[in-house]
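Please read the briefing below alongside the sequence and the model.

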Amino acid sequence: MSGSGEAWSALLPEAFLLLGAVGGLLLGLWTPQQRQWRVRVLVTVACLASAVSAALALPDPAQRVFEGTWVVDTTTGVVRVVVALGVAALVWLAAPSVAGHPRETEAYVLMLLGALGTVALAASGDLLLLVAAYLLASVPLYALAGFAKDSAGTEATMKYYLMGAFVGVLLLVGVAALVLASGTTGYSELAALLPESSPVLLAVGVLGVLAGVAFKAGAVPVHFWVPDVTAGTTPPMAAYLTTIPKIGAVAAAFRLLAEPFADLPLDVPLLVAVIAAASMTLGNLAAFAQTDVLRLLAYSTVSQVGYLFMVVAVAARTDLAVPALAIYLAAYAVTNIGAFAAVVATPAARTITDWATAAAQHRWLVVSLVICLLGLVGTPPTAVFVGKLAVFAAAWDGAMPWLVVVAAVNTVASLFYYLRWIAPAFVGVPVAAATAEGSVGTGARTAAGTAQTVQRVPVVVLHAAAAMSILLGVGAGLWLGAV
């Protein structure tokens, strides 16, 4: 048990995020509307400070602080770094769409608060903290989903909120069942007491708690919000919603399977493996028919959860699980943000044809998109390729070869719908003359072949993500080879 001083110092990365949120809100209140970029800079500095402090703490021994409710270990450290750097990138990705908005400051503050909830999900060592983290990683996101205040955003927010509230109730029922079964909420105590508890209470508890983390991750069968919210909100917020909370949710599920659910009489790893197989398969099948790039990426994120849940299923069965999770979380965050940055860079292009037209005069845009999309498939030398190899090795070592076969088939299948986006961009689409109403539109309302504008900041994020995907892939590969 750590002392009070050590406990607070262990939460330095989270303190930077909290100070950034509070400081950003106060700064925004006293800053003229046309100079709200100052808040953006402050938030970015807070994220970078959080990432640096978390990275410096990574080599430290694992510890549990605040009566064992907050766990600081490798998994938490990786989530801290990835989330902080991811939010820093997403703040600038969102800048062109929120700059000048009356609530610009609030957007950045909500992104930081959501990030804090995400880290709390990953670090939770107590069921009550898990519930609090679920709420903190949900409520700010509801506001971000409807930030544009248009009809599509309002509908997306309502669907997201209602499903989040429903699954939140399931989470509370699950927590209550586990407390009734064991009389405690701490993960360490639960691991010792749950194996001797009532099987009925265990079944209700496990299903309820897993439903909560699966919802935040966007996994089947509580994934229905993902395509509607992704397509209904603005592209930068869609990038945030499908990246940041997913990281913490997967880490939370991993910790549950590694500790309190490790030795239950129920076959929880098999249940998670089935969820993983269903997520990657249904996500891929649904993505095949999509022509809207946001909905395509939405179903892509559902399939990616399947690969991430593979390592969750074997969390307690192999020592390869922790490094595999760390690599894949970082790889997914970089690559997914890059793919969404390609959509943000062309704000008027929502269909595959529209995007190909917009990128016709920007060939490097297409190259970076290809790197990100093929990275999501798992093509060498990208980071997701190394991540998938690590996850497949962990699943195989964890006695789930059938899941590796399912994942390999789905990996090959996913290539086809990514190629449906890549091919028109390479071939090119003839540019039509602008209509009398103008050349800017959205999705189906945009004339196919109409020239579109490209925004600079998202292009920079896209290129940086593509380069980072390759560098991270090479670096992770060398690290695994050395280990």
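Helix 8 and helix 10 make a left-handed crossing, a term that applies if the near helix is turned anticlockwise from the far one by less than a right angle, with clockwise being right-handed. This is a predicted model, in which local features need pLDDT of at least 70 and side-chain atom pairs count only at pLDDT 80 or more, while totals for chains, interfaces and linings use all residues. Residues are numbered from 1 along each chain as its sequence is written, and side-chain values use heavy atoms, with hydrogens and water left out.

**The helix pair**
- The axes of helix 8 (residues 151-182) and helix 10 (residues 199-217) come within 7 Å and cross at roughly 145 degrees, where axes are lines fitted to C-alpha atoms, for helices over the stretch in contact, and angles run from 0 to 180 degrees between N-to-C directions.
- Helices are DSSP runs (H or I, at least four residues), numbered from the N terminus.

- V302 belongs to helix 15 (residues 293-313), and it counts as buried because its relative accessibility is 1%, buried meaning under 20% relative accessible area (1.4 Å probe, protein chains only).
- Leaving aside residues up to four places away in sequence, V302 touches G218, V220, H223, V226, S279, M280 and G283, with contact meaning heavy atoms within 4.5 Å.
- Between the C-alpha atoms of V302 and A219 there is a separation of 6.0 Å, although the two residues are 83 residues apart along the chain.

**Cysteines**
- The structure has zero disulfides, a disulfide being a pair of cysteine sulfur atoms within 2.5 Å.
- C47 counts as buried at 0% relative accessibility, and C372 counts as buried at 0% relative accessibility.

Conventions:
Helices (H or I, at least four residues) and strands (E, at least two) are DSSP runs, numbered from the N terminus. Buried means under 20% relative accessible area, exposed over 50%, partly exposed in between (1.4 Å probe, protein chains only).
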